[in-house]
Amino acid sequence: MAIGRSKVVIVGAGNVGTALAHQLVIRNTCNDLVLIDRNREKAWAEVTDLRHSMGYYDSKMHVCTGEYPDCADADIVVLAVGVPYREGMTRLDMLEKATVVVSSITRAVMDSGFQGMFLVITNPVDAMTSLVQSISGLPDRKVMGTGTALDSARLRDYLANLIGVDARSLEAMCMGEHGDSQMIPWSQVTVGGKHITDILHDSPERFRHVELDSVREEISKIAYQIVKQKGATNYGIAAVAARMIRAIIRDENIVMPLSVMPHGEYGLSGLYLGLPAVLNGSGIRELVEYHLTEQEQQALLASAAILQEANRKMRQLIARQ
């Protein structure tokens, strides 16, 4: 992407949107940052607080509040709006309310003349990313969600603590739904280049209590535990979105597991789900296709089937609006 002056708009001044704004300011990621929220006073307070912090950061960003017409010349619009959560809900339980909110916001952004990229955080993120692409009409390479990037970070942290190494020494990703049906392609997980199955095999006494199936369940449920104790997850997902934005603005060609639309990869098409993808200044450059085992492929297809059903319900909701 040839960018003279980079501009990012964040829609949503809640826990996630403000944590992301803080990440961008600390890292001096873009030139212009605009925060939009239906509670204008809240947006003003958050922006003012951020600006007061900038004298102590190496940041020359211009940060302000805005309205949807300000999206017209934005390079990236981030949807960080949240919907009410009650204990016991899954991400897919948020589908109905999220559909109403996200469809309205997407239309307002597109009415501005926006032709940049959408980055979707709002849950259920795979379905909402699909919704944004459908309403916006933008190429699917320019519409992406945070997908299973945060789940993958949780997986690396869990395994690093289990094995006793730095999380950055692991190559591990979750795929499929950012939710309860996500899967882990264990055949692709390595620690310092060594396959995790070999590590477990070579140290049976040390890892005798490790069951890989239980690890997947632990990773898929941990967000609910965090929300129960503190009300929201914000730092991890903000770090994911900030990394995506930097990769776009700096044209980095980084591989991340994001909510993307496959075109035949993994035998899938016509939906968004978490898959490893190359992200750069043009958006999603291409998908990375692992050689999954038959069991892993079936787990991915099962997750995709759940998302297809969510998309079907979402289309029905849209038709009734």
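In which sense, left-handed or right-handed, does H5 pass H7? The crossing of H5 and H7 is right-handed. This is a predicted model, so please read the points below with that in mind.

**Helices H5 and H7**

- Helix H5 covers residues 149–163 and helix H7 covers residues 212–230; they pack with their axes 10 Å apart and at an angle of about 115°.
- Angles from 65 to 115 degrees count as roughly perpendicular, and H5 and H7 are therefore described as roughly perpendicular to each other.
- On the H5 side, the residues that meet H7 are Asp151, Arg154, Leu155 and Tyr158. Their counterparts in H7 are Val215, Glu218, Ile219, Ile222, Ala223 and Ile226.
- Sorted by class, this contact of H5 with H7 holds seven nonpolar and three charged residues, and no polar ones.

**Helices H3 and H9**

- H3 and H9 cross in a right-handed way.
- H3 brings Leu95, Glu96, Thr99, Ser103 and Arg107 to the contact, while H9 brings Ala310, Lys313, Met314, Leu317 and Ile318.
- The class count for H3 with H9 is five nonpolar, two polar and three charged residues.

**The sheet S7-S8-S9**

- If you follow the strands in the order S7-S8-S9, you have an open sheet of three strands with antiparallel pairing.
- Strand S7 (170–171) and strand S9 (194–195) are the edge strands, each pairing on one side only.
- Two bridges join S7 to strand S8 (residues 190–191), in the antiparallel sense.

**Backbone details to look for**

- As background, most peptide bonds are trans, and most residues other than glycine have a negative phi.
- The peptide bond between Asn123 and Pro124 is cis, with omega about -5°. You will find Pro124 in the loop that runs between strand S5 (117–120) and helix H4 (125–136).
- Asn28 is not a glycine, yet has a positive phi of about 50°. The loop holding Asn28 lies between helix H1 (15–26) and strand S2 (32–36).
- Asn28 counts as partly exposed because its relative accessibility is 29%, a value between the limits of 20% and 50%.
- Tyr266 is also a residue other than glycine with a positive phi, here near 60°. Look for Tyr266 in the loop between strand S10 (254–260) and strand S11 (273–280).
- Tyr266 has a relative accessible area of 3% and is therefore buried, as the cut-off for buried is under 20%.

- Ile245 sits in helix H8 (residues 235–249).
- With a relative accessible area of 0%, Ile245 is buried.
- Which residues is Ile245 in contact with, leaving aside its neighbours within four places in sequence? They are Val8, Leu20, Leu24, Thr29, Ile76, Val78 and Leu119.
- From Ile245 to Asp93, the C-alpha to C-alpha distance is 28 Å, and the two are 152 residues apart in sequence.

Conventions:
Residues are numbered from 1 along each chain as its sequence is written. This is a predicted model: local features need pLDDT of at least 70, side-chain atom pairs count only at pLDDT 80 or more; totals for chains, interfaces and linings use all residues. Side-chain values use heavy atoms; hydrogens and water are left out. Helices (H or I, at least four residues) and strands (E, at least two) are DSSP runs, numbered from the N terminus. Buried means under 20% relative accessible area, exposed over 50%, partly exposed in between (1.4 Å probe, protein chains only). Axes are lines fitted to C-alpha atoms, for helices over the stretch in contact, and angles run from 0 to 180 degrees between N-to-C directions. Angles under 35 degrees count as roughly parallel, over 145 as roughly antiparallel, 65 to 115 as roughly perpendicular and the rest as oblique. A crossing is left-handed if the near helix is turned anticlockwise from the far one by less than a right angle, and right-handed if clockwise. Contact means heavy atoms within 4.5 Å. Ala, Val, Leu, Ile, Met, Phe, Trp, Tyr, Cys and Pro count as nonpolar, Asp, Glu, Lys and Arg as charged, and the others, Gly among them, as polar. Two strands pair if DSSP finds at least two bridges between them.
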